[in-house]
Amino acid sequence: MPFVPEAKLSHKKIIHIDMDAFYASVEQRDFPEYLGKAIVVGGSPEGRGGVVATASYEARKFGIKSAMPSKKAVQLCPDVLFVKPRFAVYKEVSTKIREIFRRYTDLIEPLSLDEAYLDVTNDKLDIGSAIDIAKQIKQAIKDELKLTASAGVSTNKFVAKIASDMNKPDGLTFIGPSSIEAFMEKLPVEKFFGVGKVTASKMKSQGLHTGFDLKQLTESELIKNFGKTGKFFYQIVRGIDNREVQPHRETKSLGAEDTFSHDLDTLEEMYEQLEKISSLVANRLQNHNLKGRTITLKLKFSDFKQLTRSQSFPELISEQDIIEQTAKSLLNELDMAGKKVRLLGISLSNFYQQERKAINTTYQPTLFD
Ligand code: DCP
Ligand code: MG
């Protein structure tokens with residue numbers, strides 16, 4: 001047997017799979033009249049419109065994206081077709097892709113209906129090569145579900161997730177242990193977990209453009225500058241991410257948040273953002289078939305200080321109106337004089353017990369929450 005250094009033996013094999021333009025691809029699959037067309041799922045061209053859940057690749061060519069107000073989508077592409085979401089169908093496809101994953105491993109951590117981490121260090125079929133497993137999974141999704149997925153293969157979750165996004169659609173990207181550090185050094189700061197537009201521009205103003213630049217800072221400098229995420233930056237630029245794939249993670253809360261390109265200092269601007277965010281939260285709750293009793297508003301200020309305020313209800317909530325009104329009234333109770341807000345978020349928690357067991361995914365998991 002050839003000599004294998006111990007460090008090599010302990011490498012995990014992680015795959016991150018993410019379906020391509022998920023809702024839109026399902027609609028194009030089931031309704032061929034949408035094939036080759038610019039379509040968006042969610043939102044509507046009339047009235048308040050709400051936001052777009054996702055856009056077909058044809059629509060993305062016009063600059064249309066997830067979470068964009070419908071009005072903006074129409075401005076970018078007047079011919080865009082609005083399609084009503086069919087959550088039950090997406091849920092069914094999601095169950096089927098998880099069944100495909102389960103042929104290879106039970107260590108599956110879904111992040112949303114269309115995305116999951118798989119730990120295939122010891123795969124059930126003894127295939128061994130994570131790249132081969134990723135190829136087989138992609139092929140099974142194509143053959144059995146007539147959809148495409150993109151895969152990232154690496155030795156940790158962070159790099160696998162970035163990799164799955166690199167060659168979309170229908171991509172397969174492998175970043176092996178010997179290339180992780182070089183890869184992280186070249187990675188633009190925007191791609192780092194927790195770096196929104198504001199942090200990115202703050203980093204750039206300090207001459208920090210890539211992982212290489214971040215690597216020149218000490219751990220305490222990073223923590224001082226970027227709060228608790230700084231600790232994660234320190235490790236990940238060195239290729240270290242020891243988070244396990246967690247197969248039975250319960251949903252404790254589900255929500256959405258946004259970091260703004262400029263700090264908000266008027267209540268009007270904040271209200272406007274809360275409207276958008278509550279529409280996203282309501283979508284996601286529907287997506288996961290969840291209702292909760294507690295609504296939490298989260299704010300992060302320009303000085304990185306953060307606070308949350310919650311309100312609980314006797315009954316289960318999932319309606320956008322209630323979420324929006326509650327978030328606004330929680331905001332009204334705060335003394336916002338002279339405060340600048342860089343992030344707003346709304347989440348629901350305190351789910352109905354039965355649902356809580358059935359579902360094991362949060363939409364955008366936060367590393368340190
Ligand atoms: N979704 C949503 N609201 C968002 C983002 C996404 O409702 N702000 C829904 C619609 C997407 C699905 O979740 O189809 C999966 O999200 P992704 O971020 O993976 O986006 P897509 O699969 O649509 O596109 P991509 O090919 O970039 O993964
Ligand atoms: Mg996707």
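User: Hello! What spacing do the donors of the magnesium ion (ligand 2) follow along the chain?
Analyst: Welcome! This is a predicted model in which local features need pLDDT of at least 70 and side-chain atom pairs count only at pLDDT 80 or more, while totals for chains, interfaces and linings use all residues, and side-chain values use heavy atoms, without hydrogens or water. Residues count from 1 along each chain as written, chains are lettered from A and ligands numbered from 1 in written order. For the donors (N, O and S atoms within 2.8 Å of the metal, or 3.2 Å for Na, K and Ca; water is not among the atoms, so sites may look incomplete), the spacing along the chain is D-M-x94-D.

User: Which protein residues are the donors of that magnesium ion (ligand 2)?
Analyst: The protein donors lie 1.9 to 2.2 Å from the ion.

User: How many residues apart are M19 and D114?
Analyst: Helices (H or I, at least four residues) and strands (E, at least two) are DSSP runs numbered from the N terminus. M19 belongs to strand 1 (residues 14-19), and D114 sits in the loop between strand 5 (108-112) and strand 6 (115-119). Both residues are buried (under 20% relative accessible area with a 1.4 Å probe, protein chains only; exposed is over 50%, partly exposed in between). This pair links distant parts of the chain, and its separation is 95 residues.

User: Which residue of strand 6 is the bridge partner of I14?
Analyst: Strands pair if DSSP finds at least two bridges between them. Strand 1 and strand 6 run antiparallel and are joined by five bridges. Within strand 6, the partner of I14 is D119.

User: And which residue of strand 6 does S112 stand opposite?
Analyst: Strand 5 and strand 6 form a hairpin with two residues between them. They pair in the antiparallel sense over four bridges. There, S112 stands opposite E115.

User: Which residues of strand 6 point the other way from E115, Y117 and D119?
Analyst: Five of the five residues in strand 6 are buried. In a regular strand, side chains alternate between the two faces of the sheet. On the other side from E115, Y117 and D119 are A116 and L118.

User: Which residue takes a positive phi in the hairpin of strand 10 and strand 11?
Analyst: Strand 10 (residues 292-301) and strand 11 (residues 306-317) pair in the antiparallel sense over eight bridges, with L297 and R309 as bridge partners. The hairpin has four residues between the strands, and the residue with a positive phi near 75° is F304.

User: How far is an oxygen atom of ligand 1 from an N or O atom in the side chain of Y57?
Analyst: Polar contacts are pairs of N or O atoms within 3.5 Å; within protein, one must be able to donate a hydrogen and the other to accept it, and sequence neighbours count only if both atoms are side-chain atoms. For the side chain of D18, an oxygen atom of ligand 1 lies at 2.9 Å, and for that of R284, a nitrogen atom of ligand 1 lies at 3.2 Å. For Y57, the distance from an oxygen atom of ligand 1 is 2.7 Å.

User: Is T105 buried or exposed?
Analyst: T105 lies in the loop between helix 5 (87-102) and strand 5. A polar atom of its side chain is 2.9 Å from the backbone nitrogen of L107. With a relative accessible area of 4%, T105 is buried.
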